[in-house]
Amino acid sequence: FSLPATSFLILPSRRWIGILVLYAVHKGQFNCPGGGLLHSYLLVLLVLLAAIICALSALVYVSMQGTISNPGPRKSLPKLLYTRLLLYFPEFIWAIVGAVWVSDSSVHCEKTVINAILGTVIASWVIIIFTIIGVLIVFDPLGGKKTFYLTDGVNRNLESSQSGQLLFNVKNTATRVWEKRIRLMCCCIVQDDDHRVAFTSIAELFRNYFSDTDLVPSDIAAGLILLHQEQDKMESCPKEPEEVLCHSPSSLVTDGLDFELENAAHYMLFAAAAYGWPYYVYTNPFTALCKLNGDCCGSRPTDSDITGSDRHNFHFGSILKITGLQYRDFIHISFHNKIYEIPFFVALDHKKEAIVVAVRGTLSFEDILTDLSADCEDLTLEDVLENGFVHKGITQAANYIYQKLINDGILNQAFTIAPEYKLVIVGHSLGGGTASILAIMLRNSFPTLKCYAFSPPGGLLSKTLADYTKHFIVSVILGKDLVARLSMPNMEDLKRRIVRIVANCNRPKYQILLRGCWYEVFGGDPDNFPTELDGRNQDALTQPLLAEESLMVHRSPSYNALDGYPHLYLPGKIIHIVEECSSKRLCSSDIKYTASWSNETVFSSILISPKMITDHMPDVVLNALNSLSQEHGSCISCQTR
């Protein structure tokens, strides 16, 4: 509470000073009808604010004591919180009194005095309303029910029907809470049966993941900061941990890499173009709208070639600009977007003599719900020996496109126009994962097809299917991309690492956050991570964190459920692109990259870095591929001279 309480302390302190100045300036102007009421209002408000400031100051001081995992020095914190909560009642009552008095027609003081006091009344109401909204947002309805998961089995009989029913009720309550939160976040989209099924599935996933932890968002932020600094310390060693595993055998390090990089740079344009006008405007912020307004009002394919909404033709115009294709090169374009149904287009690429199916990545709430529908399901295909588990939501999206391509005759139409062309399926992020599973579905009908998956989700295919796809899928991953490392086992591992490091660090949380912000912005040397557990056993902690106790002692039922979650992997052969520039905050604008064949074990742990998000962005991936492609081209020209 140290940082939130400090921010809350600043506001009443400024109000108290402002009201004190107001009282001092207008002290002699309350000798008017009703002035005594206003005078009393200001005096009592000053006393109330002084009491609030004292309570918040005590909250800040007590919150700074101890560590995240050792709350013993903060044992008086609940009493202080209740004290601050009780002060809201007189504050609320006095705000009502102030509103009544300042609007009383019998008050005939100077207008400047009345307006000044009216401003303080309005400020009081605004603060009260926003406080109520904040409490509703951050309030955890589960509260102490989480401890049910963590109570030692010796003290209760989990096999009894009463305990089993209690566990069932707690899990149902947690699922409903998460489902309400998800519904609130998605309140702006039309919700049907598919949405309701997805909400329940995602809610159960979140319930399982968070039920055995006692971490608040600031604890997670502190843990990520500590993990990032610990990781930077490891990377400062002569050999990075990844380098031990990043190279395949020498026969695989160079075989076909340059060829695949050149193809990847070409097809990444199609994957990026699938995002439509948002990507085009993002990459051309000053000229995009003018160009689109000038070019998008002309001719376009007939309405039968395009499904879904494309107001003002901006999406299609952007695709034309990015790919450089002509109107006649497009066979089918779909902007239709629902949960498990994502946009895609089919076009003729005459340069590579390919029929390209480009699938869009995440760009809407529906896409996010598809991403988060991370349950596993079997993928059963005829004549495919290596059937296995796949990501449920992405598989349903791939099946939707498969039905469109086959049942609606879109691919037949394309091959009728260009029978000698090969089939290439591409996509970025969610689109990359969907393209990969779509390629598996189409592999029997089109044995020569190729798929390029750019930054696909890590938890996509079981090991047998991932190995099967190495013959026709190439995944391209840049740097420390978070999405490529996202899987339930990796997320569980990240949770355990966060719990372990925050529970062991002996610094107060506010120091971790402040020093971490300084490190992220200005750089410097990573922290030394002194811990409370160095040289001592676990019992040395005064009151260990509930999540640490759960993970290190007897693991909760929900934790065991996630621990057995099937391992899913990236599809196909993997090209890992790494930035040669140092990991310091300030980096040369002339960034150079290196690429090598990699394997799935490199992506078995989530790396914490400011670049874990930017390395996933389609424009960054495209720039990296173009840089490598140009470098390869210049090397060839140098060798021929």
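Colleague: Which strands does helix α16 lie across?

Modeller: Helix α16 (residues 410-417) lies across β2 (330-334), β3 (344-349), β4 (354-359) and β7 (422-428), at about 160 degrees to β2. Contact means heavy atoms within 4.5 Å; axes are lines fitted to C-alpha atoms, for helices over the stretch in contact, with angles from 0 to 180 degrees between N-to-C directions. Helices (H or I, at least four residues) and strands (E, at least two) are DSSP runs numbered from the N terminus. Helix α17 (residues 430-442) also packs on the sheet, touching β4, β7, β8 (450-454) and β9, and makes about 150 degrees with β7.

This is a predicted model: local features need pLDDT of at least 70, side-chain atom pairs count only at pLDDT 80 or more, and totals for chains, interfaces and linings use all residues. Residues are numbered from 1 along each chain as its sequence is written, and side-chain values use heavy atoms, leaving out hydrogens and water.

Colleague: In what order do the strands of the sheet run?

Modeller: Strands of a sheet pair through backbone hydrogen bonds, either parallel or antiparallel. Here nine strands form an open, mixed sheet in the order β1-β2-β3-β4-β7-β8-β9-β10-β11; pairing requires at least two DSSP bridges. The edge strands are β1 (306-307) and β11 (593-598). β9 (residues 473-478) and β10 (residues 573-579) pair in the parallel sense over five bridges.

Colleague: At what angle do α7 and α14 pack?

Modeller: Two packed helices are described by the angle between their axes and the distance between the axes. Helix α7 (residues 193-210) and helix α14 (residues 365-372) pack at about 50 degrees, axes 9 Å apart.
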